[in-house]
Amino acid sequence: MAQIWARQKCDKAEENGFSLVELMVVIFILGLITTVVVINVLPNQEKAMVQKAKADIAVLSTALESYKLDNMTYPSQSEGLNALITPPANEAGGYRRGGYIKKLPNDPWGRAYQYRLGGNNGEAANGGFEILSLGADGAPGGQGENADIIGN
């Protein structure tokens, strides 16, 4: 009786687990799914990075407008975007307690956004500004993913 019970237990142990063929099929299916996801997601990553840069620029522009409302002028070129998180040395008392944003973001490619008072569009007479990211290549100009992203 004990031998029959031991033999049944061994038979069950042999049935547990996966065969090599079953594991290979699962790995192949996972590889196919990964390939499909990568093919569909990677081209959209660059679009997402450009959209994030545009959203960051919009937030920084809004913060600069709030700064101007409180201080009657935009930060100087030398103060730059840092004036949004720490009061400038020549601050006249209108600076918002706690700053205008909590932290300066980097562009999606890891570089700081650039601030130009007056911009390149001849807005100096109007007291305008530009905030820009140099795109994926980090160099002025470019096309496609390397194009500059400019907002004001």
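Helices and strands are taken here as DSSP runs, numbered from the N terminus, and on that basis Met-72 is found in the loop between α2 and β1. The model described is a predicted one. Met-72 follows helix α2 and has a positive phi, near 70 degrees, a value that is found here in a residue other than glycine. With a relative accessible area of 69%, Met-72 is exposed.

Helix α2 itself comprises residues 20-71, 52 residues in total, and spans 72 Å from its first C-alpha to its last, which is close to the 76 Å expected at 1.5 Å a residue.

A nonpolar patch is present on the surface, formed by Val-21, Val-25, Val-26, Phe-28, Ile-29, Leu-30, Leu-32, Ile-33, Val-37 and Val-41, which together have about 930 Å² of accessible area. Among these residues, Val-25 lies in helix α2 and is partly exposed, with a relative accessible area of 44%.

Side chains of opposite charge can pair when their charged atoms come close, and a search of the whole structure finds 3 salt bridges. In one of them, the side chains of Asp-56 and Lys-52 meet at 2.6 Å, N to O. Because Asp-56 and Lys-52 are 4 residues apart in helix α2, they are separated by about one helical turn. An α-helix has 3.6 residues a turn, so residues three or four places apart point the same way. Asp-56 is buried, at a relative accessible area of 13%, whereas Lys-52, at 39% relative accessibility, counts as partly exposed.

Asp-70 forms a salt bridge with Arg-96, with the closest N and O atoms 3.5 Å apart. This pair links distant parts of the chain, since Asp-70 belongs to helix α2 and Arg-96 to the loop between α2 and β1, 26 residues apart. Asp-70 is partly exposed at 30% relative accessible area, and Arg-96 is partly exposed at 36%.

Glu-130 forms a salt bridge with Arg-116, the closest N and O atoms again lying 3.5 Å apart. Here too distant parts of the chain are linked, with Glu-130 in strand β2 and Arg-116 in strand β1, 14 residues apart. Glu-130 counts as buried at 2% relative accessibility, while Arg-116, at 24%, counts as partly exposed.

Key: Residues numbered from 1 in each chain as written. Predicted model: local features only at pLDDT ≥ 70, side-chain atom pairs only at ≥ 80, totals over all residues. Heavy atoms only, no water. Helix = DSSP H or I, 4+ residues; strand = E, 2+ residues; numbered from the N terminus. Expected span 1.5 Å × (residues − 1). Patch = residues over 30% accessible without salt bridge, like charges linked within 9 Å, V, L, I, M, F, W, Y side chains within 5 Å. Areas by Shrake-Rupley, 256 points an atom, 1.4 Å probe, with all protein chains shown as cover. Salt bridge = Lys/Arg side-chain N within 4 Å of Asp/Glu carboxyl O. Buried < 20%, exposed > 50% of the residue type's maximum accessible area, 1.4 Å probe, protein only.
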